[in-house]
Every structure is written in C-alpha cells, then in structure tokens.
Amino acid sequence: MTHESVHVPEGVRPARFRPSAGAFSAPSVSLDGEWRFRLFPEAETGADPADDGAGWDSLTVPGHWQLAGAPDTWPYGRPAYTNVLFPIPVDPPRVPRENPTGEYRRTVDVPAAWTSGGRVVLRFEGVDSWFEVALNGQVLARSHGSRLPTEVDVTDAVHAGENLLAVRVTQWSAQTYVEDQDQWWLSGIFRPVTLEHRPDGGIEHVRVHADYDHTTVTGTLRVDVEGGPARVTVPELGIDAAAGEEVTVAVEPWSAEVPRLYRATVTTGAETVGVDVGFRRVAIVDGVFTVNGAPVKLRGVNRHEFEPTRGRAVTAETMLEDVLLMKRHHVNAVRTSHYPPHPHFLDLCDVHGLYVVDENDFETHGFEPLGWRGNPTDAPEWEPVLVDRVTRMVRRDAHHPSIVMWSLGNEAGTGRNLAAMARAIRDLDPTRPLHYEGDWSCEHVDVYSRMYATSEEVALIGRGEETPLPDGVLDARRRAMPFVQCEYAHAMGNGPGGLSDYDALFDAHPRLMGGFVWEWIDHGIATRDDDGTPFSGYGGDFGEELHDGTFIADGMLLPDRTPSPGMVEMAAVYAPLRIDADPARPGELTVRNRYAFRDTAHVRLVWSLTADGEELAAGELDETPLAPGASRTVAPAADLLDGVDADPRAALWWTVRALQRDGVDGDAAWASPGTELGAGQLLLRPAGPLPAAAGNAARTEGGGDSAGTRPARTDDGGFAVGPVRLDRSGRLVAIGDRAVAVARVDAWRAPTDNDARTSWNDPIGDAEAWERAGLTRLHERLDTADVDGEALVVTGRTAGAATDCGLAVRYTWRPVDERAVDLTLEITPEGRWPGSVARLGLLLAVEQPDAADVMVDWVGLGPLESYADSARAALAGRWRHTVAELQTPYTHPQENGARRGVTRAALDLGGATLGLEAGGVTVGGRTVHGFELTARPWSDQALAAAAHPHELAADGMLWLHVDAAQHGLGSAACGPGVLPNARLVPAPVSLDVRLTIG
C-alpha cells in the first residue's frame, strides 16, 4: 500500500478501546517528547528506515511540523487554511509529486521482560495524513485516518534494550480527499504515541453495555471482553459477574446534568482494566429525542481541536479548560466536528457531563464545486476505507456514556457508502442513534439534521409542516424523526445574532431537539508581523496559494480562549433557569426550570432593587424547589417601593438572578458557588423625562437673558448654544473647550463578518447594500441655520456620491444653561434604498489625545456589548469601562462595542466631563428606551481598514456614536441574515439627547 492507495491500513491490529489514563495494569511507555526529524520535499524520501537520523533536527511529538519553532522562524513550511476547496489538484487518489514528507526517528528502550512473553504494540492516536512504521529497519505497517487510532504489533521486530523506531509521514495522500474538514492543513504526529506490553491472556478489547430503565430505576450491565476469560466487578453496586453476563441492579443514572459514574474493574489472570460506567438509555420516542425517558434539548457547540501555538496537538489542560468553560456557559452538548476527538476529551465529558455527538473522520467537501464528481461517498473502491474509519471510531469510543449519537461524517454528499457505514456502526452498537446531515432524505440515519436552516423553516419542521419528500415512505420516516441543527448560529466575528429566536423555537416544539452553535473557538494561529508584534493569523496570512481568509475565525472563544460577547450571550440563552417578563402578566417574572432531570434545590433566587443601577435593596426569594420542567411566577413585595429614596427620574429595576448554592455540587469543578444559572429583570418605573430647558423662565428680573439660555451669534459669525459652538453653517465645532472634528449624521458601520457576506436567502449582503446606498462615503450638506425663538434649527442632507439615497436631517439645539444643551435630531431617509442601513444617529469626533483611557460611566444595558438580536445577556444597570475596555478585539477587526438602552453616560475627558442623557428615541414611530452608545479611539473607517487588531492605532480623537438604532448581527457569514425583528430599514427616526459639560 502506498500513500496514494485507497486500501485499508496494512499490518495493523484492530484498534482496541482506550482506557483512561492510569486505569490499566499492563505496562506502557510514552514515546512523547523529542524525536529526530527531517523534512523532505517528496514522498519518496530515499531515507533508510535503519538510519537513526543522527545530525537531524529535533521535533516535539505530539506536534505539527508546520508549527515547530518560533512563529517567525517556522522552518518546515507554513500552515494553510481552506474551508471547502482542496489545496491540491482534484485527481483522486493521486496527489502532487511535491508532497512534504517528514521522517521521524527515535530510540525506544524495551524491558527484557516484554520480550519473554505476550505481545508488544505501538499505538498512535493521531497522525496526519498517511504514515509508514518501521522498527529496527523493518517496515511493519502503513496506516491512515488522521484522527483515528492505529495499533501496530511489533513483537517480531523488537528486542530487549534499545530499538530504532522510524516513522515516515506524508502531508498529502489519498486520504486527503476524505479529510477535507474546515480547518488548517497541518501535518505530523500530533497525538500521543505509546509502546504497550500486551500480556498473554490479557484484555484485548472491552465493550460496555450499561442500559437504564427509568420505569424501574434499574440499570443492566453487560461487559463483553475480547481476550482471556474475565470477571467484572463494580463494588459500589455489589456486582461480581463473568464477562458477557447481564446483571440488573438499582442505580443512579448518568446524564449531562448529573454525570453519575461507577467504576467497573475488568480483570483476567494477566491484566486488570478500570472502566467508568454510566447507566443511561438514549431513545427516540414518538419523534422526540430522550435520555433516560425524558425529552432532552441539546444546547450545544461544535468543537474543533485547536490551540493557537500547537494546532490540533491539544494538551490535557486545554481539554479540561474547554469542558469547564462549556459547563460554566451552560453548554450541555458538543459535536466533535469533524472527527473523533482526542480520547481524553471524552473521559472529561463523561466525568463533568456533556452529551457528545462523536463524528467520523470523514469529509469530502472539495468535491461539491465539481458537482460531486468522483466523490468517495459513492465510489465502491472507497467502501472498505470508510467502513474501517467508522469501525475504528466506535471500537475506540463506545464505552463512553457521554456519547449519545454517532455521526457518519460531515459535508460529504450522498452515496452508497453511507449505507455501508451505517450498517457497520449498527452492527457494533445498536443503542445509539445515527446522524448525518448531508442526506436530507434521512434514509440511513435516525435523526433529521440540517445546517443553518432559517428560523422560519425550523418552525415549520417543529410543527411537522416541512416540504414533503418525493418518496412518500422516506417522507413518513423522516417526519417521525426528531430534528437537530447540527450547525447553526454561525459565531463568526461579532455574532451570532438571533440565537434567542432559535432557542425559543427549540423550547416550543417537542420535535426540535436543539442544535450546535458553529463553533467553539477562533482558529487564530499565534504569529508575528515583521516588527515582532504578536497577532493571531488567519487564512492568507501565511502565503497560501488558496485560502478562505477570516472564515477560520468563527468561534465563541477568541484564539487565546477569552470568551467573546457572543459566548456570554450564548450562556444567557442556554441558561438552565429562564427568568422572563411575560407581557400577559405585568409586574411578575416567570421562573422556568429547563433541566430535564434536576430540581432547583441547588439554586438560590436572589433579587435586587436598583435605581439607575444603584442598589437600593436586596434579598432572597424563599421558594420551594422547582421540579424539572416546572415554572412559577415571582414578583416584588407589594410594599417594596414604599419609602424608597431615589431620584424621581431614575429608572427602577427589579432583578432576579439564579445562583449556584453554596455547599451543593462541591465536587463539580465548574460549579463554584455564585455561578449564575439565569437572570431576568422587571422595569418597575421607567426613567423620568429630562427637566425642561430654562428658556424664557430663566430671564432675569431686569428683563435680560441668563447666560446661555438663548442661541447667540459669535464673533466669527457662528453660534453659541449653551456649552456648544457651531460655525456659521450650523456645524458643531466645539463642546466646551473640546474641539469637534466631525459632527454629522451617520448610517454606516465597519462591516461585521456577517455584514460582509450574503446570507443564504438574501439577494445581496448588508455591506453591499450599504455600499450601493453610498453609506461608505457619506458627506453632509447643511442648508440653513436659523434661530427660531429659543432654539437654533439647522437643516441639511447627508448622502454619498453616485446615489440618490440620502438622509434629510434637522438639528434643533435648545440651550439649557451655560453647561447643558438639548439636541433633537430628526433623520428622514429619501430615495430608493437597496436594503438595510447600518445605524441611524449622530457621529462625533472629539479632540482627545488619550481617548483610550477615557472612563465611561453609563446607565443602560451592560456590561458587555449588545445589539438588537444579541441582548439576552445584557442587563440594565450602571457600568464603568474605559474606552479601551469597551472594545472587543475580534480576530478580524469589525463593528463592536455598542451599548444599548443607554439613558445616561458620563465620559471623563480629564479636567472635564461630557455628559450624554437620553430625552427619548423614536424609530419609525416606535418609542425606544435610551440610545445606543459606541465610543472608540479610532474611526469606523480605520476599523474597517484594519486586517488585525494590532494594526489599529489611536488617532487623537474620541469617536462617539449616539444612535437612535443600529442594525442587528444575524449570522449571514454562514446562514440566515438579520431577522425582521432586528433589521434596521430606512425609516424616519428622531433622537433627543442632552449634552452636558462639567
């Protein structure tokens, strides 16, 4: 077999299950560490496997050769990113002659006892993409399946003492055509390697069957063992049985909510292995996905394996960090996109509680642009290879209770080999449903799966009203299946928007079993620019011939694993305790327990009363636990506001938070006391109106005007209105002693990754619509500036070149006193618009050398950014951040940092304070509380022009957006755009705001 062969691996053993670390008695030696290494340009390296590699370089295993060394000195090529397109000519099974190939060498000391009986086995957990194994100069095996285990029996080639291990790894092989997953192309031995002694009469393989019957509260255990006669003991349950024997006992079941495990010991006379057993039953009942008899919603994420300096060579510490972050953000399910993960990750899912869709290492997406011609999914010669892949996955992983579904693969089209893979899995494990999104007929699977279906289509599917299939039998079969969004809410850049809309649908329809957000983490590779400045690289940053740019930066986590605002939003949407205001029940909040198995005995409900974010009172609701799925209403005490001493203009909010109780779940690493499990608010009293401007009431007894209470002409022909100065055309030029470089209406933003792409259902993308409407090149013409009684009224038009789309503008400035002025801004769209608008409001650029350090103290939604379709995590309160802290450093710079519902904001300019206070906002006739505030140390144009965050530099201005409204986020980068409930269309708006200098 060569690297261009489509045959199954040769010279290898059937991969056995992998016990968790330390759970087996047979000796083994880790071969991780430094190996001698040399990279050759072609697969025919000419290197002798008997050559020990003396004088070669050193390379760390596990690892990828492209990422070896410092980011600016990578000696063995560069990472490359494509999503769909193959980076090689599509000519299966052949690959280019230019095929970087790594030769690995290391010596292995084998104890003499290992050679006097039993077998000696090499185990590779993951090698990308094809490899050949030799020991002491003898070629023993050739294998493939980059994210699958390979075991090589080296007994006949090994001897006591020092042995030379040689491994040849090619970057490209025939297997490249079935491993076209959306990720970096990275090569090498990237998962652990071990040398193991397999004793005569030992345990060759273990299959665990641990069923649970919720009606009898009993579990049935059977452990099948390949190898010598074995016994199975579970001391905690009093089980002592022969392998293959069924035993039924009373048990506590395993679930993601309560991940109860029992330690089983499997022993022969020669070997002992420990296995964590979780009793649970996964079933589809009347079209509903259930675990242990209860309907379960999967609130999941898709997870690639990735570290910014190590690629897919993830460490145990990173795996634990991922699992704990998922739990703390209320994720209960993970799809292992698009391959079986490192096996230790599944151990962690068992222990901490995550439902897992274990996905086969199979994707042929690059054939789609070719009309799927030559697709291995439908090629008979590929059947043994694909069946081998699913077989190795199931044999390795089936003992994990966390796995609730098997997936045949991803984006590989349709064909005869799907049926062969499905049969192979069912022969090994008939207890779990099968998943595969690519075949919408669902002929070979047990759940109906889609990617990025719109909320409208999901609602139809939930009601069983989807478009029927032509084949009536298949249509009836599919309608009896639960529905899952295996990918949705594409989290690229600033987003996703609309996550709450999907979640509400999942809750409303029993058939909808939930979904998996795409995806967990931005795959930004740690690198440096020419000056040594570190940054996270994406497609195109490494000189790739073909690449898919920023599409690799599509995660809930930034590359350094900092949760993005989207992650915090997801946590609020996924929260197990939903606390919502119900318009039908004014003055009350509904608390709903969304756990499938837990009551709320572990939850404290604490409340607080705040006035513009300042706490006035607090307490705890004394409630009996809610059963799974139950709900109740809670309300503030009737006399809560009696005697409240608060500014009569302040908004009063009653906030209820569900918090993890002290002393409960103490052994759960993620569940520290005080962890928030849900939150909601009631507005008890809205913010009062601003005090009236002084006007005529402020005239002095002598008949004159108090200073600043009427617009006045300045010496240069301009105007002074309270603390602001305007030039003769009516353009704002100063606020107090601060020069204003830009002051105009704005309707554009630096496009998000979602804005920049066209959704699957729209004729053009938002950013293109804004470009066509001229919003990228807005200029404002002021036509009139006249004093009208006690106000200065300025009119004009804002528009861009080459379009008749424009905005009629009217500024009405009314002085309050020498320190404050009221502005009413009216914006009326004119002309025929091609689509949405990004924002409608006022843009100011105020002279401020240290703008990044300016402290912003605001009352409104926070603490993180929020948008019209991403605001579940935002709570009304009082918050303080510097302008620098208001920015979200997305891997690809774009619109970020907006704060909605702002009723008051104070910006400390150093020696002066700029106050912004809402007097009212109307959007298209609809009143909105507060305005949207964005503050930056650079312009939107600079933000849009930057390719990476480190390219942004403060320009000496404080850039402020005070918006009546802003367009939502959506997830058009892959899927639906902004939904109508968050879409900003050209319509009249008005904005009333008070500017104060202090």
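**Aromatic and charged contacts**

In this predicted model, Trp 35, Phe 37, Trp 65, Tyr 76 and Tyr 104 are joined by ring pairs into a cluster. The structure contains 18 aromatic pairs. One of them is formed by Phe 124 and Phe 131, a tilted pair with 5.1 Å centre to centre and 55° between the planes. Phe 124 and Phe 131 are both buried.

Salt bridges number 80 in the structure. Asp 211 and Arg 281 form one of them, at 2.7 Å from N to O. This pair links distant parts of the chain, 70 residues apart: Asp 211 belongs to strand E15, whereas Arg 281 lies in the loop between strand E21 and strand E22. Asp 211 is partly exposed because its relative accessible area is 30%, and Arg 281, at 33%, is likewise partly exposed.

A salt bridge also joins Arg 303 to Asp 322, with the closest N and O atoms 3.1 Å apart. Arg 303 sits in the loop between strand E25 and helix H1, and Asp 322 in helix H1 itself, so the bridge ties together parts 19 residues apart in sequence. Arg 303 has a relative accessible area of 3% and is therefore buried; Asp 322, at 0%, is buried as well.

Asp 940 and Arg 839 form a further salt bridge, their closest N and O atoms being 3.2 Å apart. Here helix H11, which holds Asp 940, is linked to strand E51, which holds Arg 839, across 101 residues. Both Asp 940 and Arg 839 are buried.

Glu 162 is located in strand E11 and counts as exposed because its relative accessibility is 54%.

Note on methods. Residues are numbered from 1 along each chain as its sequence is written. This is a predicted model: local features need pLDDT of at least 70, side-chain atom pairs count only at pLDDT 80 or more; totals for chains, interfaces and linings use all residues. Side-chain values use heavy atoms; hydrogens and water are left out. Helices (H or I, at least four residues) and strands (E, at least two) are DSSP runs, numbered from the N terminus. Buried means under 20% relative accessible area, exposed over 50%, partly exposed in between (1.4 Å probe, protein chains only). Rings of Phe, Tyr and Trp (its six-membered ring) pair if their centres lie within 6.5 Å; planes under 30 degrees apart count as stacked, over 60 as edge-to-face and the rest as tilted. A salt bridge is a side-chain nitrogen of Lys or Arg within 4 Å of a carboxyl oxygen of Asp or Glu.
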